[in-house]
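Dear colleague,

I am handing over the structure below, and after it you will find an account of what was found there. Please read it with the sequence and the model open beside you.

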Amino acid sequence: MQKRFIVALTGASGAIYAQRLLSKLADAGHKIDLVISEAGCVSFGAETGIHLSAARLDAEKLLPGRTENVTVHGPREIGATIASGSVRHDGMVIVPCSMGTLARVANGFADSLITRAADVTLKERRKLLLVTRELPLSLIHLRNMTLATEAGATVFHACPHFYNRPQTVEEVADTVVDRVLDHLGVDVQTARWKEAR
Ligand SMILES: Cc1cc2nc3c(=O)[nH]c(=O)nc-3n(C[C@H](O)[C@H](O)[C@H](O)COP(=O)(O)O)c2cc1C
């Protein structure tokens, strides 16, 4: 069954997580509402060499040839559909999620389309997954993670695992992305832990 997901990219390291997630959602035929922050464009460009405009996002640069189910929004378009709780969706993922965006979401600062959509997702009791990334974590970061969790979000701090012996960077990233997809209820072909012999 086709589902609808909001995917927001912010200015943390981990562009590959967003690329892999978008690719798997598109391959599965799901609808995607896509938005990126201005800082997200900077970090995404630094990590991939792909230069994006937040206000005029070209989804083709993220999902070449697979944008038929993608709707793009600018981070300042506060009148976009996803800013309203009346618009139904199956979950929102902020990937990667900066500590700045985490702080704004955790404390209800709905000052951009990304933070407003997250705020609305929480108030409507829909799934909000925050694929946070920073190292080390300050007490402020930890407190904001607690606040966000108490409000109903799931903090998915980007911690890859290695027990299935990933061989490529994509396989490492997928150890995080596939867990995110699992939480969204998207069927995913993934290596699962089998008891060691
Ligand atoms: C290359 C690069 C990597 C960054 N990595 C991180 C990171 O891993 N985590 C983080 O919280 N901020 C990181 N930042 C800083 C954020 O981009 C910055 O705090 C920004 O204001 C976040 O804005 P946003 O939350 O609106 O996207 C990085 C910045 C750059 C340029």
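I begin with helix H4, where eight of the 11 residues are buried (under 20% relative accessible area, with exposed meaning over 50% and partly exposed in between, for a 1.4 Å probe and protein chains only), so that H4 is largely enclosed by the rest of the structure. The buried residues of H4 are Leu113, Ile114, Thr115, Ala117, Ala118, Val120, Thr121 and Leu122, and what covers them includes E1, E2, E3, E4, H3 and E5. Helices (H or I, at least four residues) and strands (E, at least two) are DSSP runs, numbered from the N terminus.

Before going further, please keep in mind that this is a predicted model, in which local features need pLDDT of at least 70 and side-chain atom pairs count only at pLDDT 80 or more, whereas totals for chains, interfaces and linings use all residues. Residues are numbered from 1 along each chain as its sequence is written, and side-chain values use heavy atoms, with hydrogens and water left out.

The neighbour of H4 that I would look at next is helix H3. Helix H3 (residues 99-106) packs against helix H4 (residues 113-123) at an angle of about 45°, their axes being 9 Å apart; axes here are lines fitted to C-alpha atoms, for helices over the stretch in contact, and angles run from 0 to 180 degrees between N-to-C directions. H3 and H4 are therefore oblique to each other, given that angles under 35 degrees count as roughly parallel, over 145 as roughly antiparallel, 65 to 115 as roughly perpendicular and the rest as oblique. Contact means heavy atoms within 4.5 Å, and on that basis Thr101, Arg104 and Val105 in H3 meet Ile114, Thr115, Ala118 and Leu122 in H4. By class, this contact of H3 with H4 has four nonpolar, two polar and one charged residues, where Ala, Val, Leu, Ile, Met, Phe, Trp, Tyr, Cys and Pro count as nonpolar, Asp, Glu, Lys and Arg as charged, and the others, Gly among them, as polar.

Turning to the sheet, there is an open arrangement of six strands in the order E3-E2-E1-E4-E5-E6, with parallel pairing. Strand E3 (70-73) and strand E6 (154-155) stand at the edges with a single partner strand each, so one side of each is left without a neighbour in the sheet. Two strands pair if DSSP finds at least two bridges between them. E1 and E2 are joined in the parallel sense over six bridges, with isoleucine 6 opposite aspartate 33 in E2, while three bridges join E1 to E4, also running parallel, and there valine 7 stands opposite valine 93 in E4. Strand E4 (residues 92-97) then pairs with strand E5 (residues 128-132) in the parallel sense over four bridges; methionine 92 has leucine 128 of E5 as its bridge partner, and cysteine 97 has threonine 132.

How much of E4 is buried? Six of its six residues are, so E4 is largely enclosed by the rest of the structure. Met92, Ile94 and Pro96 point one way from the strand, and Val93, Val95 and Cys97 the other way. E2 is mostly covered as well, with five of its six residues buried.

Helix H2 (residues 38-48) lies across strand E1 (4-9) and strand E2 (31-36), and runs at about 90° to E2. Helix H6 (residues 169-184) packs on the sheet, where it touches E1, E4, E5 and E6, and its direction makes about 170° with that of E5.

Within H2 is glutamate 38, which counts as partly exposed because its relative accessibility is 43%. Leaving aside its neighbours within four places in sequence, glutamate 38 is in contact with Ala54, Pro75 and Arg76. The C-alpha atoms of glutamate 38 and arginine 76 are separated by 9.8 Å, although the two residues are 38 apart along the chain.

Finally, H6 also packs with helix H1 (residues 15-27), at an angle of about 60° and with their axes 9 Å apart, which makes H1 oblique to H6. By class, the contact of H1 with H6 has 10 nonpolar, no polar and five charged residues.

With best regards
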